[in-house]
Amino acid sequence: MHIDKKLSIELDDVQSLFSQTRLDLAFIKIDRIIKNNKKHYLPYNYRGILFLKTGDYSRALEDFKKTISLNEDFALGFNNVALCYQALGNFKHAIEFYERASAIDSSILEAKVNLGSLYLDNNKFREAISALNFALEINPLHEHTHQLIADAYIKIAKFDLALSHHLKAKEINPSNYLNYYLLGSDYLWSGNKGDASSNFLKAIEFNPKYCQSYYGLSRVKRINPEEPILSDISQLLHDDGINKSDRVYLNFSMAKVYEGIDRNLFFKYLDEGNRLKKEINNFSFESFQDLSDKSIDLFLNHVSKINQLPLPERASEGIDMLIPIFIVGMPRSGTSLLEQVLSNDPRIFGAGEIDLFHSTLIKIMSSENPSSDISNKLMELRHDYLSNVRAMTDKKFFTDKLPLNFHWLGFIKKVFPNAKIIHVERNPVAVCLSIYKTLFSHGSLDFSYSQDDIVSFYRLYTNLMSFWSSHLSNVIFHANYEKIVKNPKDEFSLIFDYLGLSFSENILEVQTNKRSVLTASDLQVREAIYDGSSNSWVKYEVYIQKFIQAFVR
């Protein structure tokens with residue numbers, strides 16, 4: 001559709017106001033333009049973008065739909081409709097309109113990148129990689145696409161491919177601090193402390209106020225209190241322009257520096273970092289308790305009464321022959337060590353923490369009627385879960401060590417009748433202190449930043465495990481961390497007997513396992529199995545009285 005010079009100039013004025021964030025004036029001007037150009041598609045598109053900016057997604061959707069009704073060949077308009085549907089949580093329609101945008105114009109990069117990002121957010125990793133590879137065919141030098149596809153490869157444990165795309169992103173834009181931070185994380189997960197350290201330092205060089213880099217550096221390098229970088233962290237803590245989230249990273253960085261050097265300073269920074277993180281999360285323990293109660297109710301009244309979930313019609317590639325090994329327990333209880341040993345066996349793939357089962361069940365529990373169509377929801381979950389695993393490995397056995405899967409053990413056995421479940425227990429004070437010392441990825445373990453919340457969560461966990469143990473007798477293997485580190489040969493011999501696999505002593509040499517580990521134990525699991533860590537809390541007794549009062553008799 002033709003656009004005359006006058007309209008073009010007026011729309012440029014709207015664009016200028018948008019760029020200056022003078023949105024009120026932009027709205028006044030675009031409303032006037034639309035009044036005088038009711039049959040032209042572009043003004044509606046501009047106003048839709050303004051509504052998107054203000055978060056009014058429903059009105060943005062109306063304008064973008066008007067745009068494509070006036071010009072059915074405007075691919076960017078279809079992309080914008082998809083953006084609205086995505087923001088409104090209607091992922092089915094979002095995917096449809098991204099694909100329609102690409103069908104109209106196969107060279108439209110935004111639609112492929114947005115579609116890949118949407119698939120990534122919804123745990124459709126193979127689909128995300130396919131869409132993002134199409135985007136790279138359109139523009140091989142698109143930095144953000146390389147970052148996104150690296151994230152997708154991380155999710156399916158293809159860490160070498162993720163590293164290659166992060167390296168490509170750095171090559172495209174060697175002055176972007178984020179590329180160095182991402183590379184630092186890659187090397188940290190693989191146990192390469194030297195390259196991790198140099199990349200975190202490079203990230204700091206390009207952006208001294210990106211505080212996550214300091215925390216990453218503190219995890220891979222012993223920073224002495226006399227080093228200049230400690231002064232840099234201290235100055236940032238006194239900078240009023242540093243936001244609360246960044247102060248969390250800085251305080252945990254300082255705590256890392258003083259751990260083992262000065263207990264008072266260690267807990268000063270640790271307590272402050274946890275206090276700030278709890279404020280940000282606005283955590284409510286009641287929500288976890290409610291989740292626990294609802295999951296038990298749904299299991300008892302609905303899921304347990306399902307005789308057997310039929311195989312989905314679209315099952316393929318032998319995914320239903322896979323045998324999951326779920327490793328559950330409290331975070332920091334030894335689940336990573338157990339997985340590291342098991343994955344040393346050539347028959348077992350260590351998939352790490354697969355969030356799909358937990359996140360999907362939470363969505364189901366949060367719906368208005370969780371029991372509605374529950375059989376089909378669980379069938380869909382099984383297919384998506386095993387499809388993602390098949391993208392990771394062709395091995396029959398694999399581990400999923402997301403500790404919080406202890407919420408769903410009855411659901412797991414219903415969805416995966418052949419699944420093995422290993423529950424790891426450890427000294428509760430050691431577990432609670434280790435949780436309190438750890439800064440977890442955002443949104444994953446929001447109970448972790450208050451000693452009171454940690455104690456409450458631990459009690460909820462023990463209650464749930466008692467419930468599942470009573471309903472799944474002889475199904476769960478209960479492993480004890482202290483016994484494992486004292487006598488690994490005998491304990492793992494029992495575990496392998498439970499798995500129905502022969503045991504070989506050489507798998508205990510975890511220091512030879514080179515797989516990348518994306519948990520808080522990423523560095524510890526590379527050390528030889530050792531005894532004694534469960535008693536290290538004793539030297540901190542004065543600082544952790546709430547844990548001691550709760551669990552020491």
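Of the 186 residues in the largest nonpolar core, those that touch the most other members are Leu342, Phe357, Tyr385, Ile422 and Ile495, a nonpolar core being a set of buried Ala, Val, Leu, Ile, Met, Phe, Trp, Tyr and Cys residues joined through side-chain atoms within 4.5 Å. Buried here means under 20% relative accessible area, exposed over 50% and partly exposed in between, with a 1.4 Å probe and protein chains only. This is a predicted model, in which local features need pLDDT of at least 70 and side-chain atom pairs count only at pLDDT 80 or more, whereas totals for chains, interfaces and linings use all residues. Residues are numbered from 1 along each chain as its sequence is written, and side-chain values use heavy atoms, with hydrogens and water left out.

**Core**
- Helix α23 (residues 451-471) contributes the largest share of this core, ten residues; helices (H or I, at least four residues) are DSSP runs, numbered from the N terminus.
- Leaving aside neighbours within four places in sequence, Ile495 is in contact (heavy atoms within 4.5 Å) with Leu338, Leu342, Ile422, Phe477, Ala479 and Ile484.

**Helix α6**
- Ala94, Phe97, Tyr98, Ala101 and Ser102 are the buried residues of α6.
- They lie on the same side of α6, because they cover an arc of only 145 degrees around the axis, the arc being that of the directions from the helix axis to the C-beta atoms.
- On the other side of α6, Lys92 and Ala103 are exposed, while the buried residues pack against α4 (57-70), α5 (75-87) and α7 (109-121).

**Helix α14**
- In helix α14 (residues 228-237), the buried residues are Ile229, Leu230, Ile233, Leu236 and Leu237.
- Their arc covers only 120 degrees around the axis, which puts them on the same side of α14.
- Pro228 and Gln235 are exposed on the other side of α14, and the cover over its buried residues includes α12 (193-206), α13 (212-220), α15 (244-258) and α16 (263-281).

How values were computed: Helices (H or I, at least four residues) and strands (E, at least two) are DSSP runs, numbered from the N terminus.
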